[in-house]
Amino acid sequence: MLKNMAIHELALAVSFYNVSVETIASVEADREYSRMQTLPGPSGQDFTDFSKLKFTITTKSGEEVSIAADRCGGDDSIGLVTDNEGKELVRYTMPDSEDSKAIEDAEKRIPGAMPYFYVQDPDYCKLKQRVAQAIATGGSAEGVATIDVAVETLRVAEYLTPTLMEQLK
């Protein structure tokens, strides 16, 4: 879950909330929301992972960031920014109405693709354009995570997985 469904949210935490393995003071799983399951994998061997997961990371500087992911929750995403009392300050929804129209158009142009491809298509097009522009000009890709952010994000995912699994036993 953390190195797939929630990896983008973890990258945002690394990028904007100074989350790293070294700065994490604590992590707390939301036991009511979260669900861990053990099922047979493609090899026939049992594999344990989260089907739903919500947790809050607190950094050593006192910053808090919460992340929730649900494997069966659909193709939409919601980002919330709250104050210290939990009052919602800003809500971001994906897909928004503009994205929804683009998704409908993509489904007509390319029928039969996995539903999440339609949802992610506009963002991947922007990403590819930014990376191509950076390569062409020798600059940096604006708004794109660096390799350092990617590596730290994977380190954080590796650190959190056993900690959260232990909390949810």
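The patch covers about 350 Å² and is made by V81, L89, V90 and Y92. Patches consist of residues with over 30% relative accessible area and no salt bridge, where like charges are joined within 9 Å and nonpolar side chains (Val, Leu, Ile, Met, Phe, Trp, Tyr) within 5 Å. Accessible areas come from the Shrake-Rupley method with a 1.4 Å probe, and for residues only the protein chains shown count as cover. Y92, which is found in β6, counts as exposed at 53% relative accessibility; buried means under 20% relative accessible area, exposed over 50%, and partly exposed in between (1.4 Å probe, protein chains only).

The model is predicted, so local features need pLDDT of at least 70 and side-chain atom pairs count only at pLDDT 80 or more, whereas totals for chains, interfaces and linings use all residues. Residues are numbered from 1 along each chain as its sequence is written, and side-chain values use heavy atoms, with hydrogens and water left out.

The protein has four helices and six strands, which follow the pattern α-β-β-β-β-β-β-α-α-α along the sequence. Its C-alpha trace spans about 45 × 40 × 35 Å along the principal axes. Of the 169 residues, 25% count as buried. The protein exposes about 11,500 Å², of which carbon and sulfur atoms supply 53%. Among contacts (heavy atoms within 4.5 Å) with a separation of 6 or more, 57% join residues 24 or more positions apart.

Helix α1 (residues 7–16) has I7, L10, A11, A13 and V14 as its buried residues. Seen down the axis of α1, these residues fall within an arc of 160°, so they line one face of the helix; the arc is that of the directions from the helix axis to the C-beta atoms. The face turned away from the buried side carries the exposed residues H8 and F16. The cover over the buried residues of α1 includes β3 (46–59), β4 (64–70) and α4 (147–167). Just after α1, N18 takes a positive phi of about 55°.

The largest nonpolar core has 26 residues, of which L2, L10, L53, F55, I57, L160 and L164 touch the most other members. A nonpolar core is a set of buried Ala, Val, Leu, Ile, Met, Phe, Trp, Tyr and Cys residues joined through side-chain atoms within 4.5 Å. Two or more residues of this core come from each of α1, β1 (24–29), β3, β4 and α4, and α4 gives the most, with six residues. In soluble globular proteins, nonpolar side chains tend to be buried together. Leaving aside residues up to four places away in sequence, F55 touches L2, L10, V27, E28, A29, D30, V65, S66, I67, L160 and L164.

Q37 lies in strand β2 (residues 35–40) and counts as partly exposed at 25% relative accessibility. Apart from residues up to four places away in sequence, Q37 touches F47, T48, D49 and S51. The C-alpha atoms of Q37 and F47, 10 residues apart along the chain, are separated by 8.2 Å.

The structure holds seven salt bridges, each defined by a side-chain nitrogen of Lys or Arg within 4 Å of a carboxyl oxygen of Asp or Glu. In one of them, the side chains of D49 and R71 meet at 2.8 Å, N to O. This pair links distant parts of the chain, with D49 in β3 and R71 in the loop between β4 and β5 (77–82), 22 residues apart. D49 is buried, with a relative accessible area of 15%, whereas R71 counts as partly exposed at 35%.

A salt bridge also joins the side chains of E88 and R91 (3.0 Å, N to O). E88 is partly exposed, with a relative accessible area of 37%, and R91 counts as partly exposed at 45%. D105 forms a salt bridge with K101, with the closest N and O atoms 3.0 Å apart. Both residues lie in helix α2 (residues 97–109), four residues apart, about one turn of the helix. D105 counts as partly exposed at 28% relative accessibility, as does K101 at 46%. E22, E152 and R155 are linked in a network of salt bridges.
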